[in-house]
Amino acid sequence: METAPGPRMNATFVTLARNSDVWEVARSIRQVEDRFNKRYHYDWVFLNDKPFDDEFKKVTSSLISGKTHYGIIPEEHWSFPDHIDLDKAKAVREDMAKKKIIYGDSISYRHMCRFESGFFYRQELMLNYDYYWRVEPSVEYFCDIHYDPFRFMHENNKKYSFVLSLYEYAETIPTLWDSTKKFMREHPEHIVEDNSMKFLSDDGGETYNKCHFWSNFEVGSLNWLRSKAYGDFFETLDQDGGFFYERWGDAPVHSIAAGLLLKKDEVHFFNDIAYYHVPFTHCPTGEETRQELRCHCNPKNNFDWKGYSCTSRYFDLNNLDKPDGWEKQT
């Protein structure tokens, strides 16, 4: 396969994984390499709170056409901060377990959400890059990607992107919007004009409608995440303790930040990047697009225009024309 022409961005794929995830990660790598990276040879950063073993390194490096880097997360980025009341946090987990809330009793899931919200972009290996593309174990890419999404983001001044959006479980974030409103009061200088508040709220910011971009796929600007605005936002949330006293996910955190701190035209929807992460599929709307990109997804599985998706809201907010054939997928 020939190498694609044109400049490369200062960018990397990034995957948070454990050694036991090696074969699920291998599957994801093959998807990304076969559909895109074998022609572009971008680097890949792997992060883990434990050292990666030789098998993980051998398997992953043999599959990737760019350079591979393996980093250990510092303990302070994967532990309870000092201001958290451990007994209170434990009581919350026990209560959520009784209510059968997904990952409600998991400590490691909470560390992961806090890490992805506030620390992955600060890792020593990540400081070498300007853009990232997040890839998780066991995902699928259904279509060829005929251009460089990193370069697209750079040339069109996009800072954040998504392929799936939906409503968050209300039980996991009861006070997240209260903390967000506190941040807005304390830092009005960070709230940009022409933002995406209407994606997040149906009443001008009084309440949160739970819409968020699903962050297991995202291509974004690391420099934005390392900005004072995003740093102040994360710090406000972290001090309030909701990552442990509730179960705040990194998806609503990233989404609220993108919705308030970025202009709406700095957020991009990649219709042509087809993607699956259990249980949702983004299969490009438009038969011509699917054929041109040699897609193997079933358009009937496309989640974009279903009632639980927020993608229609994004299109309405930005006055975008929906792709041909969207009505058949509602």
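A residue counts as partly exposed when its relative accessible area falls between the buried class, under 20%, and the exposed class, over 50%. With a relative accessible area of 43%, Y103 is therefore partly exposed. This value, like every other value in this report, comes from a predicted model.

**Backbone features**

Y103 has its place in the loop between α3 (86–98) and α4 (107–118), and its phi is near 55 degrees, a positive value in a residue other than glycine. A second residue of this kind is R294, which has a positive phi of about 55 degrees although it is not a glycine. R294 is found in the loop between α12 and α13, and with a relative accessible area of 57% this residue is exposed.

**Aromatic pairs**

Rings of Phe, Tyr and Trp are counted as a pair if their centres lie within 6.5 Å, and by this rule the count comes to 50 aromatic pairs. One of them joins F46 and F56, whose rings are edge-to-face, at 5.4 Å centre to centre and with 85 degrees between the planes. Because F46 belongs to strand β2 (residues 43–48) and F56 to helix α2 (residues 54–63), this pair ties together parts that are 10 residues apart in sequence. F46 counts as buried, at 0% relative accessibility, and F56 likewise counts as buried, at 0% relative accessibility.

Another pair is made by W305 and F315, whose ring centres are 5.2 Å apart and whose planes stand at 75 degrees, so that this pair is edge-to-face. W305 is in the loop between α12 (287–292) and α13 (311–317), while F315 is in helix α13, so the pair ties together parts that are 10 residues apart in sequence. W305 is buried, with a relative accessible area of 5%, and F315 counts as buried at 5% relative accessibility.

**Charges over rings**

| Charged residue | Ring | Distance from ring centre |
|---|---|---|
| K88 | Y245 | 4.0 Å |
| K322 | W326 | 4.2 Å |

**Helices α1 and α2**

The axes of helix α1 (residues 22–35) and helix α2 come within 9 Å and cross at roughly 10 degrees. Since angles under 35 degrees count as roughly parallel, α1 and α2 are therefore roughly parallel to each other. On the α1 side, V22, W23, V25, A26, I29, R30 and E33 meet E55, F56, V59, T60 and L63 of α2. By class, this contact of α1 with α2 has eight nonpolar, one polar and three charged residues.

V59 counts as buried, at 13% relative accessibility. Leaving aside residues up to four places away in sequence, V59 touches V22, W23 and A26. V59 and V22 are 37 residues apart in sequence, and their C-alpha atoms are 7.5 Å apart in space. F56, which takes part in the edge-to-face pair with F46, is also among the α2 residues that meet α1.

Conventions. Residues numbered from 1 in each chain as written. Predicted model: local features only at pLDDT ≥ 70, side-chain atom pairs only at ≥ 80, totals over all residues. Heavy atoms only, no water. Phe/Tyr/Trp six-rings, centres within 6.5 Å; stacked < 30°, edge-to-face > 60°. Helix = DSSP H or I, 4+ residues; strand = E, 2+ residues; numbered from the N terminus. Buried < 20%, exposed > 50% of the residue type's maximum accessible area, 1.4 Å probe, protein only. Lys NZ or Arg CZ within 6 Å of the ring centre and 35° of its normal. Axes fitted to C-alpha atoms, helices over the stretch in contact; angles between N-to-C directions. Parallel < 35°, antiparallel > 145°, perpendicular 65-115°, else oblique. Contact = heavy atoms within 4.5 Å. Nonpolar A, V, L, I, M, F, W, Y, C, P; charged D, E, K, R; others polar.
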